[in-house]
Amino acid sequence: MRRGWIAIGILLLSAALFSAGLVRKLASLRGSEPSSERIIAVIPKAVENSWWNQVRLGALAGAQGTPYRVVWNGPALESDHISQIIFLEHALARRSAAVVIAPNDSLALSRPVEEAAARIPCVLIDSPLAETGQLPLVATDNYRAGELAARLLATAIDGRGKVLVINHLRNSESTEERARGFAAAMADDYPEIRVVQSPYAETSLMDYRAQTAELLARHPDTAAVFAVNLETSEGVCRALQREYHARKVKFVGFDSSALLVGSLADGGIEALIVQNPFEIGRRGVRRALDALENRQGEVFTAIPVFVVTRRNLERMKRKFPAALGL
């Protein structure tokens, strides 16, 4: 019941900020005077993150050779949905031609994005909203990716044992979908596996290393761990390296970085499910260009993931160094 009232409060606050013009006033403080440029505003979940930098590079590539210019602005932290609303209003105030946005809170951004979409083309990337209508979405098929992670871990532990899922932020729809797909596949296909999920974080400042260590101490019979994104995967990796013998607990991570690739090469990680952030950014901008030119496109554009193991690591490093965070 408490969660329901919190969700209602978030929606009301977001709508009030957007509709009452408070966000417009805050945006004006950032110098958002009207512009005659052909601008596609790209608003990520956060900017201080290597994964999102690859999305930025893809977005810039998507606009190359066109009359449009990408303007990249977003909050420092993925938990800061108020700043995302401010950047969205900023994009409207400067008369951007279109918006490409990765909502960092599926509830709080729902009303502001829908209202913006009534004025200019809006494309979602990475994460859907709680209520998206028919807004285009370019993203990983996160539910299927969660199912894939479940199959990989189940095989690694011979279909039995206790598995921890390390979750990310509440209302981060992409990571919640991965956790849902993972849990559903385990329940449907692996009756001898018990899934224990961590609480959702309230801010991006969560210490996932400490959380993982605490959960492993409370569940010493844990056979495997699944982490739902880059931050949680790095936290789990550090916990296993510092406080547990990595090969004792099987681990499948999501996304990639130099830290995770190094642990995979050393045998500390069973597999990584790696997205293509560059392509998500590129295709998101291309989808916005389609809308601006009145070209029909898919409602959902699924960007495939790939599985990286010790067996194919060297080949993947040569083919997809940017996606691997190298």
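# Helix packing and buried residues

Me: What share of the contacts with a separation of 6 or more comes from residues 24 or more positions apart?
Reply: Contact means heavy atoms within 4.5 Å. Take the contacts in the protein with a separation of 6 or more; the share from residues 24 or more positions apart is 74%.

Me: From which number are the residues counted along each chain?
Reply: This is a predicted model, where local features need pLDDT of at least 70, side-chain atom pairs count only at pLDDT 80 or more, and totals for chains, interfaces and linings use all residues. Side-chain values use heavy atoms, leaving out hydrogens and water, and numbering follows each chain as its sequence is written, from 1.

Me: How many helices and strands are there in the protein?
Reply: Helices (H or I, at least four residues) and strands (E, at least two) are DSSP runs, numbered from the N terminus. The count is 12 helices and 12 strands.

Me: What percentage of the residues of the protein count as buried?
Reply: Buried means under 20% relative accessible area, exposed over 50%, and partly exposed in between (1.4 Å probe, protein chains only). The protein has 326 residues, and the buried part is 56%.

Me: Are α3 and α11 parallel or oblique to each other?
Reply: Axes are lines fitted to C-alpha atoms, for helices over the stretch in contact, and angles run from 0 to 180 degrees between N-to-C directions. Helix α3 (residues 50–63) packs on helix α11 (residues 277–292) at about 40°, with axes 6 Å apart. Angles under 35 degrees count as roughly parallel, over 145 as roughly antiparallel, 65 to 115 as roughly perpendicular and the rest as oblique. The pair is therefore oblique.

Me: How many charged residues are in the contact of α3 with α11?
Reply: Residues of α3 including Trp51, Gln54 and Val55 meet residues of α11 including Phe278, Ile280 and Arg282. Ala, Val, Leu, Ile, Met, Phe, Trp, Tyr, Cys and Pro count as nonpolar, Asp, Glu, Lys and Arg as charged, and the others, Gly among them, as polar. The contact of α3 with α11 has 11 nonpolar and four polar residues, and the number of charged ones is two.

Me: Which residues does Ile280 touch, not counting residues up to four places away in sequence?
Reply: Ile280 sits in helix α11. Its relative accessible area is 0%, so Ile280 is buried. Gln54 is 226 residues away in sequence, yet the two C-alpha atoms are 9.0 Å apart. Beyond its sequence neighbours, Ile280 touches Trp51, Ile125, Asp126, Val138, Thr140, Gln275 and Ile303.

Me: In which crossing does α6 pass α7, left-handed or right-handed?
Reply: The axes of helix α6 (residues 142–156) and helix α7 (residues 173–189) come within 7 Å and cross at roughly 45°. That makes the two helices oblique. A crossing is left-handed if the near helix is turned anticlockwise from the far one by less than a right angle, and right-handed if clockwise. The crossing of α6 and α7 is right-handed.

Me: What is the relative accessible area of Leu135?
Reply: Leu135 lies in the loop between β4 and β5. Its contacts beyond four places in sequence include Val113, Cys122 and Val299. Leu135 is buried, with a relative accessible area of 13%.

Me: Near what value is phi of Asp255?
Reply: Most residues other than glycine have a negative phi. Asp255 is in the loop between β9 (250–254) and α10 (258–266). It is buried, with a relative accessible area of 4%. Its phi is positive, near 75°.

Me: Where is the place of Asn171?
Reply: Phi of Asn171 is positive, near 70°. Asn171 is buried, at 13% relative accessible area. Its place is the loop between β6 (161–166) and α7.
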